[in-house]
Amino acid sequence: MKESHLSETDNSILAILNHLAELFSLDMDPPKLMALAVEEFQKIFKADRVWLVYPCDPETPECRVCHEATSSEYDGLPCLNDRMQVGPERAELFRNSLASREPIVQISDKGKPSEAEFSERCTIRSRMSMALEMKNDRSWLMELHQCDHPRQWTESEIALFRYVGQRLSEAYNSRTILNTIRRDIVKRQRIEAELTRSEHRFRSFFSHSSVSLWLVDISRFINKLTELRRSGITDLNTYFSENPEAFTGIWGTLSVVDVNRATLQLFESNDEEQLLHGLDQLYTTWTVDALKSICSALFKGLEHVSLETECKTFRGGHLDIIINIDVLPGDEFLALFSIIDFSQQKMLEATLRESREQYKKLIETANDAILIADSESGIIIDANRKAEELTGFTRKQLVGMHQSQLHSPTDRRSKDNIFKRHSPSGREDRRDIAEIHLLRADGRHIPVEISSSTTVVGGRKIVQGIFRDLSARLEGEEHRRLLATAIEQTDDMIMITDTDGRISYVNPAFEKVSGYTLPDVFGQTPKMLASGRQDKSYFRVMWDTLTDGEVWHGNFINKKKDGTVYEEDAIITPVRDHTGQINNYVAVKRDKTEQLSLEKQVRQAQKMQAIGTLAGGIAHDFNNILTAIMGFSELSLLHCKDNPLLENNIQEVIRGAERAGKLINQILTFSRQTEKNVAALRLSIVIKEALKLLRASLPANIEIIIDIDSDVMVRADPTQMHQVIMNLCTNAYQAITAEKGWIKVSMKSIFIAGREGVELGNLSRGKYVSLSVKDNGIGISAEVLARIFEPYFTTRDQHEGTGLGLSVVHGIVNDHGGAVTVTSVVGEGSCFTVYLPEISSGESLYGQRKQQLLTGEGRVLVVDDEQQIVDYEVEVLRRTGYEPVGFTNSLKALETFLADPDGFDLVVTDMAMPNVTGLQLFRKIRKIRPSLPVLLCTGYSEHVTVESSHEMGIDGYLAKPFTAEQFAEEINKVLKSAEPDDPE
């Protein structure tokens, strides 16, 4: 165990006591004294920690370390101002310390001696505690802690601790009492000074107040009233009525002690003497009545009286005043009279009442609905007539209704309306504008604009909402939006100019067509678009029409930003303002470049249609004639084997007929009125056969270059494809004038996108076979190129061509769902490109059957309105073994059939016949004998084709002109198809 830090033999204790005596004698605040004492005790006793805990009360739930001193070795130990729970151990320590006059010593050899909640930061091995009793307050507890070893406190240390603790308690109490006395003295001095200041303030207030103040001695007045009570008078008003002169005597007992300057100014008095000696000059009848009421009130013992009345000034002025009388406390019987002039206020109130009436009339006559509601509660407190009309509620229903009931549920959830923003916590005079949907009494929602403002009336904050019906405006805005959208989205160009022609607006369609944007043309005039192809007189007439206020119709030839010329139709309309003056021009223009192109195509199509109509009109009769010529020529050949000259002549007749037939076929081909035999076709085979045939007829100086893809296939008529290749190569050959020329035929598979297909000729997106025929000929000029596919158009001499070749190509390709284009440079050559839809290689290939003259047997009914055709068909039938019966009259043929329906094995009939057509004859025969085979032969028919004839049930179809072999083969095929199936 360590020795005590405090020696008992030296003079250290005396020195300590002297030092503490000096410390305790210092004039300082008690808290500071305690803090210094704790620091000194820590030094004197060499303790690891010294603290003062307050309160030292075992019944308190918690205490606090108010002052503390800790040695430098324990930096983490301080717990100043820590609040600590008073547990059982601490409460016991408080109780023992209060009960003992000696310090309480606790020593532990094992570590924490007691109360773990006070020892969590370190190990306290030794502790000495002592209660410090305080006057007029609860006790404190001072403790010395030793942490590094279980210190044994000597008797000298214990005695010194007890002594200095008592001296500290006495010094604290002395300082506390001294401070209390000082505070009392200071407080009394402050009160006296405050009384002096209060009296001074009163005199200053009295003298400088803007209110008229009278200090009046009422002692004699009170005595007089007391005498009246003693004499049995209970009602002073009745007494004054019975004794009119009594009022003057009683009121005259009042003695004015003092008046302020505001009083002299109020009554326009020169000085106090004039005021006091001339009071009667200020009275009116109303003033006297008011003074009698004051006397009656004071008679009843009231100490405060206030009433309104009127009086005069010394200069004859009129005053509306409020007289306030306060009987001052004390024994001096003084009263303070204050007179307030409210003349101006009364005038303002009158003005305010008038304003309120005007405001009420204004609200009632307003064109907008007005609702007034309490800002805090949102309850409607007033509404005008227009509000009843807008909401559908009566005023009685609106008043007392919560304003949110007029809002749709959506507005109620999203905004909680404008009244919420005018809550009492918000700033006043705030104005808001909002758009909501008002909920009417009938359930309809009306769009309204609310303009709200706040004000304070009688201390109550209210919100005024002005509701404006937006239905008409929104409908107008929607109409304008629709117009704006139409202008923005229309394909027509819109331009707006002022009266000088300066452009202020163009729509997107204008920008798209012209290439100019709005910033490019803003402020410019339409002259910037002029192409120079129209005379100035044209525009002069236009401006004359517009300035006269009339609408102008016409067209312009303008120039785009890229220099391209385009043509447009225009309608320009003058726009007038509300005064009738023209202030703008609106031009609606439409680009007709594409329209002109389409019109050109339509004219081309009309030409083609006209030729087709002509071809269809003559084809029937012409083919009948050719059939007779070819048929009888073939029959004549059978009889002229011994006459070579005659045989040759007849052969020439047949070849001429065949050429005429091909001419008719070409006419019908370009007009798309011929039948085609469509099948899956490997186009390379047809190309090679055509070029092999063409090679033999071309001069040796022309080279044929072949570059084809043999795998591609199309669905087409091989004969027509052969015709396309031959026509294109012939056209190329005729264009070559050089000594050494070439024709290049190329074919490949390509993919055409949607937009590219439209540009090529309305082709769908997909895979196509591209067949091109290119030459190094003279080329084609732009003028000729525009008409290259027109029928009968040719640049050759009269006997060098028919002008149908390229027209036939155009018709065949278009009929196959393809397109044909041409590019050419004069002097360098031309290139024709044909696009045909490509198909897969899996489809069956087209095969040709070898035709031959076939024989048979059976009775055949032959009907044709041309005698030559009947004779020809009858002759062919006889030569091939059949028994024919011919008629040129369809009615007679029908009568013959009706006479013996089972006597015929086949019917061969023409299509176009008078009386009964071939189709009508077919139907009548089938009604009688449904199984009888029928072969239809026609020169041309728009209504009956190979496909449609099969759909109608006709067994065979043969187009004129035809050879004997073709006729015999078709008859054989029809009869075989009509034979019953072999049962085996």
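Tutor: Two residues are in contact when heavy atoms of theirs lie within 4.5 Å. In this chain, residues 24 or more positions apart account for 61% of the contacts with a separation of 6 or more. The model is predicted, so local features need pLDDT of at least 70 and side-chain atom pairs count only at pLDDT 80 or more, while totals for chains, interfaces and linings use all residues. Residues are numbered from 1 along each chain as its sequence is written, and side-chain values use heavy atoms, with hydrogens and water left out.

Student: What makes up the chain in terms of helices and strands?

Tutor: There are 30 helices and 33 strands, taken as DSSP runs numbered from the N terminus (helices H or I, at least four residues; strands E, at least two). The chain exposes about 54300 Å² (Shrake-Rupley method, 1.4 Å probe; for residues, only the protein chains shown count as cover). Carbon and sulfur atoms supply 50% of that area.

Student: Where does I869 lie, and which residues does I869 contact?

Tutor: I869 is in helix 26 (residues 867–879). Leaving aside neighbours within four places in sequence, I869 is in contact with N624, T627, A628, D864 and K960. The C-alpha atoms of I869 and I625 are separated by 8.2 Å, although the two residues are 244 apart along the chain.

Student: What makes R162 and E102 a salt bridge?

Tutor: The rule asks for a side-chain nitrogen of Lys or Arg within 4 Å of a carboxyl oxygen of Asp or Glu. The closest N and O atoms of R162 and E102 are 2.6 Å apart, so the pair meets the rule. R162 lies in helix 4 and E102 in the loop between helix 3 (88–99) and strand 4 (104–107), so the pair ties together parts that are 60 residues apart in sequence. R162 counts as partly exposed at 23% relative accessibility, and E102 is partly exposed at 39%.

Student: How many salt bridges are there by this rule?

Tutor: The count is 27. Another of them joins R590 and D492, at 2.7 Å from N to O. R590 is in strand 21 (residues 582–591) and D492 in the loop between helix 15 (471–489) and strand 17 (493–497), so this pair ties together parts 98 residues apart in sequence. D492, at 15% relative accessibility, counts as buried, whereas R590, at 48%, counts as partly exposed. R90, R127 and E143 are linked in a network of salt bridges.

Student: How do you know that E40 has no salt bridge?

Tutor: The nearest side chain of opposite charge, K43, is 4.2 Å away (Lys and Arg count as positive, Asp and Glu as negative; His and the chain ends are not counted).

Student: Why is the group of I177, I181 and I185 called a patch?

Tutor: Patch members have over 30% relative accessible area and no salt bridge; like charges are joined within 9 Å, nonpolar side chains (Val, Leu, Ile, Met, Phe, Trp, Tyr) within 5 Å. I181, in helix 4 (residues 155–208), has 44% relative accessibility and so counts as partly exposed. That value is over the 30% limit, so I181 passes the accessibility test. Together I177, I181 and I185 have about 250 Å² of accessible area.

Student: What makes a set of residues a nonpolar core, and which members of the largest one touch the most others?

Tutor: A core consists of buried Ala, Val, Leu, Ile, Met, Phe, Trp, Tyr and Cys residues joined through side-chain atoms within 4.5 Å. The largest has 40 residues, and L683, I687, M721, L728, V745, F832 and V834 touch the most other members. Helix 22 (residues 718–735) gives the most to this core, with seven residues. Apart from it lies another core of 38 residues, including F221, F240, V259 and C295.

Conventions:
Buried < 20%, exposed > 50% of the residue type's maximum accessible area, 1.4 Å probe, protein only.
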